[in-house]
Amino acid sequence: MKKLTAITVILMLACSLAYCQERPSRFHWGVEWGYGASGFMYWSNNYFDAKVGYRIWDEGHEFAFVPNAYAGLYAGFDLGRRINLSLFSGTMGIYSDRQVIPLGLRATYAFRGQDSQGALAFLGGGLCFHDLFVSAPGQYLQLGGGYRIKLGGKMDMDLLAHLRACDDHPPIWDEENGSYVDAANIRKNLAVYTSFEVGVAFRF
Amino acid sequence: MKAIIPAISLFLALAACHTAGGQVRSVGTWHSFKGLGLTMQSATRNPKETNTFTLYAELWDTYAGHLTAPGGKFVFSHNITLHDFDAADGEAFSLFAGAGASAGWVKDHGRDGFGMMAALNGSFGACAAFARKHVLICAGITLEAGPWLHMTENRYVVSLYRNGIYQAYYPYISISYLFK
């Protein structure tokens, strides 16, 4: 939660500072949220089970419907008439009982120009941080599109849809012992989640 | 879950009836930490007053990362415009306050299982209407005060619906298609 608060404050400060610049029209910030459902999931775990005294290798995949949501703030600059590069952060549900704090970049291509109403395509990616388990951060990649509605003034509304893949290093639940595996005994804990998300963004 | 389809059907039927009567002002989606749903706003004889009907799935614990079956709630509110800001170029901004009633099959704070809630509600918020784009965006908060009927140890118990108060500060935002 502290990370999320810090990131939010940094983004808001960046927004405020950038608004003081002489060329505010190239700078844009926004708030975005959305909903989605996880689909394909892959996991690969390798850990030492102190109780049985040998290493456990667990690998598999499944299709699971897990609804989730995400919300965040973004801020960035128009690099050209059609391309915008933004920094995004917030909170992102990636699986059941698994929420992360994303920090990533997103490139958005507006087919009719960033300041026009029309279709969008975007590609984004970055890191996923989790407060509850100290480990290497995960990574996410998103690919999507949408439609921008110019509401008037400096306010736009983007209707978005995207596919997201996220790798994560979640704690490993040991069913036999009824507890999480100690982090020191984990050699590998990789999970990859894919999901389809729809969202809304207000861009200023 | 089985109740969701009849509930949405009832809501759409209500919307269709109002549309046929030419009273519907907007139809759209309703977003909040409380849940996700549909909302409809209808006009009244007084242009300063509107009726809002909202049907949403209660998803606050899903957003918190816990996968459980959602509850559902229907909210009616009669809203009165408190102040209209100067409008220009088809844009209109206003503040509103409203009162109405809510009913639903929902969970409650610190309690297990579902129960039936019925409450009076009060709302306060702001709306931005972009007539040229047919978009209406409203944001606000809603307080609900009423009982929650649930079964515990094979007997019915009535208690205060805590989430109506605890979640009163959860803001909502609705994004709707604005009819002319």
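The part in question is the hairpin of S6(B) and S7(B).

Reply: The structure is a predicted model, in which local features need a pLDDT of at least 70 and side-chain atom pairs count only at pLDDT 80 or more, while totals for chains, interfaces and linings use all residues. Residues are numbered from 1 along each chain as its sequence is written, and chains are lettered from A and ligands numbered from 1 in the order in which they are written.

Chain B has 3 helices and 10 strands; these are DSSP runs numbered from the N terminus, helices (H or I) of at least four residues and strands (E) of at least two. Read from the N terminus, its elements follow the order α-β-β-β-α-β-β-β-β-β-β-α-β. Two strands are said to pair if DSSP finds at least two bridges between them. Across this pairing, B:Cys127 stands opposite B:Cys138.

Between the two strands there are 4 residues, and B:His134 belongs to this loop. Its phi is near 60°, which is a positive value in a residue other than glycine. Most residues other than glycine have a negative phi. B:His134 counts as partly exposed because it has 15 C-beta neighbours inside 10 Å. The scale behind that word is as follows: a residue is buried if 20 or more other C-beta atoms lie within 10 Å of its own, exposed if 12 or fewer do, and partly exposed in between, with C-beta atoms placed from the backbone.

Strand S7 of chain B has a further partner. It pairs with strand S10 (residues 172–178) of chain B in the antiparallel sense over 6 bridges, and B:Leu136 stands opposite B:Ser176 there.

The predictor's confidence in each residue is given by pLDDT, on a scale from 0 to 100. Within chain B, confidence is highest in S7(B), at a mean of 95, and lowest in helix H1 (residues 4–20), at 60. Where pLDDT is low, the predicted coordinates should not be read in detail. Chain B as a whole averages a pLDDT of 87, and 87% of its residues score at least 70.

B:Glu153 is exposed, because 5 other C-beta atoms lie within 10 Å. Strand S9 (residues 155–160) holds B:Leu160, which is partly exposed because it has 14 C-beta neighbours inside 10 Å. Leaving aside neighbours within four places in sequence, B:Leu160 is in contact with B:Pro147 and B:Trp148, contact meaning that the C-beta atoms, placed from the backbone, lie within 7 Å.

The interior can now be considered. Buried residues make up 37% of the 180 residues in chain B. A nonpolar core is a set of buried Ala, Val, Leu, Ile, Met, Phe, Trp, Tyr and Cys residues joined through C-beta atoms within 7 Å. The largest such core has 21 residues, and those with the most contacts inside it include A:Met92, A:Ile94 and A:Val100. Strands S2 (54–78), S3 (83–95) and S4 (98–110) of chain A, and strand S3 (49–58) of chain B, each supply at least two residues of this core. Apart from it lies another core, of 8 residues, among them B:Cys127, B:Phe130, B:Ile137 and B:Leu178.

Buried residues account for 32% of the 204 residues in chain A.

Where the chains meet, 13 residues of chain B are in contact with 15 residues of chain A. For the model as a whole, the scores are ipTM 0.78 and pTM 0.81.

Key:
Two residues are in contact if their C-beta atoms, placed from the backbone, lie within 7 Å.
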